[in-house]
Amino acid sequence: MTFSKAASDEKAIATIRCLAADVVAKSNSGHPGAPMGMAPMAHTLFSRFMTVNPAHAKWINRDRFVLSNGHACALIYILNHLLGYKDLPMEQLKAFRQIDSKTPGHPETGHTEGIEVTTGPLGQGFANSVGLAIAQANLAATFNKDGFPLFTNSTYMFTGDGCLQEGISVRGRLARRTSSSASSPTDGTSRTSSDGDKDLEGLYKAIEAAKKVTDKPSIIRVKTTIGFGSKQQGLAATHGAPLKADDIEGVKAKPTRSGPSSSRPTATSTQGARRDRPPHRRQAPEGWEKALPTYKPADDAIASRKLSETVLGKLADAIPELLGGSADLTGSNLTRWGNAVDFQHPSTQLGDYSGKYIRYGVREHAMGAIMNGLDAYGMHIPTAGTFLNFVSYAIGAVRLSALSHHRVIWVATHDSIGLGEDGPTHQPIETAIALRAIPNLMFWRPADGNEVSGAYLVALQSKSTPSVLALTRQNLPQLEGSSIEKTSKGGYVLVENKDADITLVASGSEVALCNEAVAKLSDKGIKCRVVSIPCFSVFDAQPIDYRLSVLPSGKPILSVEAYSTLGWAKYSHAQHGINTFGASAPAKELFKKFKMTGDDVAAKAQHVVKVFEGQTLVSPVELEAKLLAY
């Protein structure tokens with residue numbers, strides 16, 4: 001097709017620029033410069049290429065648009081207002097950056113219709129777009145048949161110099177290796193438009209040429225002028241502050257000025273779109289839970305990373321939406337199931353686009369953001385692995401998973417000093433509390449096989465919450481009293497004793513240590529209860545009566561975990577943990593050095609019983625409930 005200039009082009013571009021200046025000025029906050037500079041490229045893309053249906057914003061084969069430089073969000077709000085998204089009438093543009101509006105200071109998926117991913121932290125959208133493109137390529141390879149092209153959408157992403165300076169953008173260029181066929185801009189074919197301020201035909205031709213490249217992504221370099229039309233165009237002054245009133249009037253006085261009532265830029269016809277199609281909602285096949293393995297105390301002790309591998313192998317066939325991967329640690333994370341096919345360009349002969357396992361390389365941060373994009377597409381449940389301590393590399397993407405309600409699952413192995421000789425650079429101490437502190441994130445630390453299965457059950461059932469599963473390198477015994485059902489409550493009584501002098505509460509590998517301590521304390525005449533809390537946030541969501549049945553008032557409660565003790569005071573009166581960095585040595589020696597053995601736990605428990613002797617204590621759970629009741 002050839003470019004045909006429309007009479008409304010200049011008015012539409014001017015409308016975008018004027019509205020960008022107005023909405024930022026109205027709120028006295030925001031970034032007018034980027035929307036004004038990007039108006040021509042945005043208008044060209046949305047009026048001639050984007051295939052969307054504002055009446056059904058979740059139509060599955062819609063084109064995806066990602067604004068990686070999310071501070072320019074006035075642009076996408078204006079475009080979606082002009083397209084007719086019901087979330088964005090003029091009143092919402094006037095409420096830009098105000099409380100409870102649909103136009104927050106950076107785009108948030110799930111909050112505003114027509115926003116595909118949450119952006120703002122620079123570079124995140126770049127990697128998100130790679131995930132969206134991989135999702136489309138995988139679905140096309142799986143489901144498209146001759147004459148029946150079900151998944152044909154393109155992914156478009158606007159980025160800027162700030163995004164490209166962030167390391168995640170470099171690391172996010174995974175598509176360079178996988179060569180996804182969608183139009184997500186990464187290292188691939190390059191098209192250059194010399195003038196993004198005025199050359200609509202050049203923009204059109206560059207996009208059209210990129211769409212013809214179907215064996216790899218394309219990047220189009222567009223030179224724009226920040227704050228175009230302003231007296232301060234091209235200057236940093238237009239970046240993050242409203243234009244002055246006289247400057248805005250000058251922008252509106254340009255020959256191509258147009259008010260909000262001008263002709264709307266329109267999306268291309270949604271050819272083949274079912275306009276009555278409801279939003280897509282993923283539902284795992286009925287009965288998939290039956291594939292989860294269960295264990296008995298007589299079963300062998302197994303590392304929880306190995307138990308996770310077994311679960312993934314069972315679920316891969318039961319839940320075809322699973323899309324796995326690892327940050328170059330597949331052999332250590334055990335994230336690849338037996339019959340998995342790698343997602344790779346067919347020419348590599350290492351896999352194909354229908355493959356369900358992604359070799360991310362050493363790219364934890366990009367991996368997390370790509371998983372967010374995979375989930376945002378709407379047809380996959382992404383899982384991926386690394387060492388728990390290296391989830392810290394990805395914390396920006398993990399936080400956006402939680403904010404954006406993405407169901408992504410991190411398989412985080414080598415979860416403590418139990419990893420041994422690699423030492424403190426690899427041993428997480430503060431990582432757990434950092435992740436537990438993130439709202440809408442489930443941090444799981446299962447203690448045995450049933451708890452691993454239970455963690456996966458809840459993680460997969462929680463469609464709007466990401467999960468991190470912290471898993472051991474060392475073997476763990478199968479516990480008497482554990483079950484998938486109990487684990488699904490986030491915390492439960494493993495060993496009950498109505499006459500207990502103390503309750504020991506722990507997670508992960510330390511639950512077994514508490515069991516060891518019970519026998520030793522019994523010899524000293526001290527009776528114990530043992531509680532396992534594999535997930536704080538899931539336990540906190542249970543009714544107060546249940547939580548108090550697990551951690552009742554009366555006798556002291558001692559927490560035991562091979563991490564920082566920070567955070568355990570909400571469940572216990574005393575804490576036993578590690579508040580220093582780890583060390584390099586075999587795991588057994590490290591547990592002795594840091595007083596994480598059954599003998600050490602017993603000694604600490606005996607001391608706690610003595611300190612609180614004769615006192616009737618209020619459970620921290622009961623105290624918190626009372627303090628919140630106002």
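Helix α9 (residues 200–211) buries Leu-200, Gly-202, Leu-203, Tyr-204, Ala-206, Ile-207, Glu-208 and Ala-210, where buried means under 20% relative accessible area with a 1.4 Å probe, protein chains only. Keep in mind that this is a predicted model, with local features needing pLDDT of at least 70, side-chain atom pairs counting only at pLDDT 80 or more, and totals for chains, interfaces and linings using all residues. Numbering runs from 1 along each chain as its sequence is written, and side-chain values use heavy atoms, leaving out hydrogens and water.

**Helix α9**
- With 12 residues, α9 reaches 17 Å from its first C-alpha to its last, close to the 16 Å expected at 1.5 Å a residue (1.5 Å times one less than the number of residues).
- Helices here are DSSP runs of H or I, at least four residues, numbered from the N terminus.

**α11 against α16**
- Helix α11 (residues 304–318) packs on helix α16 (residues 449–461) at about 50°, axes 9 Å apart; axes are lines fitted to C-alpha atoms over the stretch in contact, and angles run from 0 to 180 degrees between N-to-C directions.
- Ser-304, Leu-307, Ser-308, Val-311, Leu-312 and Leu-315 of α11 meet Gly-449, Val-452, Ser-453, Tyr-456 and Leu-460 of α16, contact being heavy atoms within 4.5 Å.

**Phe-539**
- Phe-539 sits in helix α19 (residues 536–540) and counts as buried because its relative accessibility is 0%.
- Gly-491 is 48 residues from Phe-539 in sequence, but their C-alphas are 5.3 Å apart.
- Leaving out residues up to four places away in sequence, Phe-539 touches several others, including Lys-489, Gly-491, Ile-533, Arg-547 and Tyr-571.

Conventions
Helix = DSSP H or I, 4+ residues; strand = E, 2+ residues; numbered from the N terminus. Buried < 20%, exposed > 50% of the residue type's maximum accessible area, 1.4 Å probe, protein only.
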